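Hi,

Here's the structure I promised to pass on.

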Amino acid sequence: MAVDQSVSVHGALQSIVAEQLGVLLTGVPPRDYLEDVAVYLEVLLKTQVTRQWPGVFVRLPRFRRAQARARELYAELLRIHDPEARADGDADYVDTLVDLHRTDPQFFPETDMMMAFLGPYFAGLDTTASVCAFMLHALLTHPELHAHMTAEVDAWFDRGALTARSLRELDVTHRIALETLRMYPIIPAIPRVVTNAFEFGGYEVPAGSRVLIGNTVAHHLPEYFPDPGRFDIERYGRKRAEHRQPGAFAPFGVGRHRCLGFGFAEVQIAVTVATIVRETELTLVRAERPLKIKHAPLPHPAGSFRVRIARRRSGAAQDRSR
């Protein structure tokens with residue numbers, strides 16, 4: 001019997017992105033903790049935020065095991081970032097949180113620390129990883145875009161040292177990412193609790209009501225994005241600039257509560273997918289099948305979206321030989 005060498009794209013990207021964020025922001029890669037952290041996050045989101053599951057799920061053995069492992073990781077982060085034992089060097093995200101707690105424990109109490117410490121791992125599992133997975137599917141189903149992005153990425157890597165300034169040269173890559181965020185928003189709505197009663201569309205909304213703000217509804221309205229079902233990166237050129245219309249494009253939320261990491265997320269998505277394109281030539285498994293999307297805890301490609309590595313690209317070999 002032949003061994004299946006295909007890879008679940010979303011699962012693989014969860015590992016890659018969580019590793020990136022873990023090392024960058026905490027100095028500790030998730031590795032053996034990743035599966036448990038994913039379970040911990042999923043149950044909390046579905047029971048406490050989206051309310052898709054009843055609260056009894058937090059009492060089940062699977063969640064309790066994941067919670068215990070998440071606490072282990074939190075304890076490890078606390079130990080490593082103990083200011084008394086911390087070696088000299090640049091402070092990372094967790095160092096900043098520890099300092100904030102010590103400086104103002106009323107503003108940032110100990111009860112908030114665990115979730116804040118684990119935030120970098122959570123951030124990659126069902127947000128950045130999902131966008132990268134959707135973007136790879138768009139590339140593999142639009143060969144002409146894949147070819148344009150590959151040429152752009154190869155020229156970018158071949159130029160030598162990569163800088164923040166050189167990121168601006170990834171025009172095609174950036175526009176593919178924007179169209180991915182439009183068509184496959186991973187935060188399609190934002191839950192809120194009404195503090196003051198108001199009227200909307202002829203309906204009275206009383207204080208205390210739970211509401212969903214559909215911040216990405218306009219992504220699929222033809223009056224803002226003509227032929228919204230078509231993957232079209234020309235929407236983001238200077239002539240059309242459809243995403244610049246007020247309120248039309250909001251994949252990271254809107255207003256003062258927009259995601260704080262939106263700028264970093266755009267860079268991480270572009271660089272992650274650019275590196276994959278540079279390093280590998282991928283083929284879709286069962287390309288004739290339509291993309292299936294799971295919507296919990298957040299929208300992401302189902303495990304049936306799988307790829308095979310057809311070959312390692314010559315550009316990657318040249319990078320390693322330098």
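Met135, Leu139 and Leu140 in H5 meet Pro143, Leu145, His146 and Met149 in H6, where contact means heavy atoms within 4.5 Å and helices are DSSP runs (H or I, at least four residues) numbered from the N terminus. Of the residues in this contact, six are nonpolar, one is polar and none is charged (Ala, Val, Leu, Ile, Met, Phe, Trp, Tyr, Cys and Pro count as nonpolar, Asp, Glu, Lys and Arg as charged, the others, Gly among them, as polar). The axes of H5 (residues 113–140) and H6 (residues 143–158) come within 6 Å and cross at roughly 110°, with axes being lines fitted to C-alpha atoms over the stretch in contact and angles running from 0 to 180 degrees between N-to-C directions. That makes the two helices roughly perpendicular (65 to 115 degrees).

Before I go on: this is a predicted model, so local features need pLDDT of at least 70 and side-chain atom pairs 80 or more, while totals for chains, interfaces and linings use all residues. Numbering starts from 1 along each chain as its sequence is written, and side-chain values use heavy atoms, without hydrogens and water.

Now the cores. The largest nonpolar core has 44 residues, with Leu13, Leu136, Met149, Ile176 and Val273 having the most contacts inside it; a core is a set of buried Ala, Val, Leu, Ile, Met, Phe, Trp, Tyr and Cys residues joined through side-chain atoms within 4.5 Å, buried being under 20% relative accessible area with a 1.4 Å probe, protein chains only. H5 gives the most to this core, with ten residues. Ile176 touches Met135, Leu139, Leu145, Met149, Phe231 and Ile233, not counting residues up to four places away in sequence.

Cheers

How values were computed: Angles under 35 degrees count as roughly parallel, over 145 as roughly antiparallel, 65 to 115 as roughly perpendicular and the rest as oblique. Buried means under 20% relative accessible area, exposed over 50%, partly exposed in between (1.4 Å probe, protein chains only).
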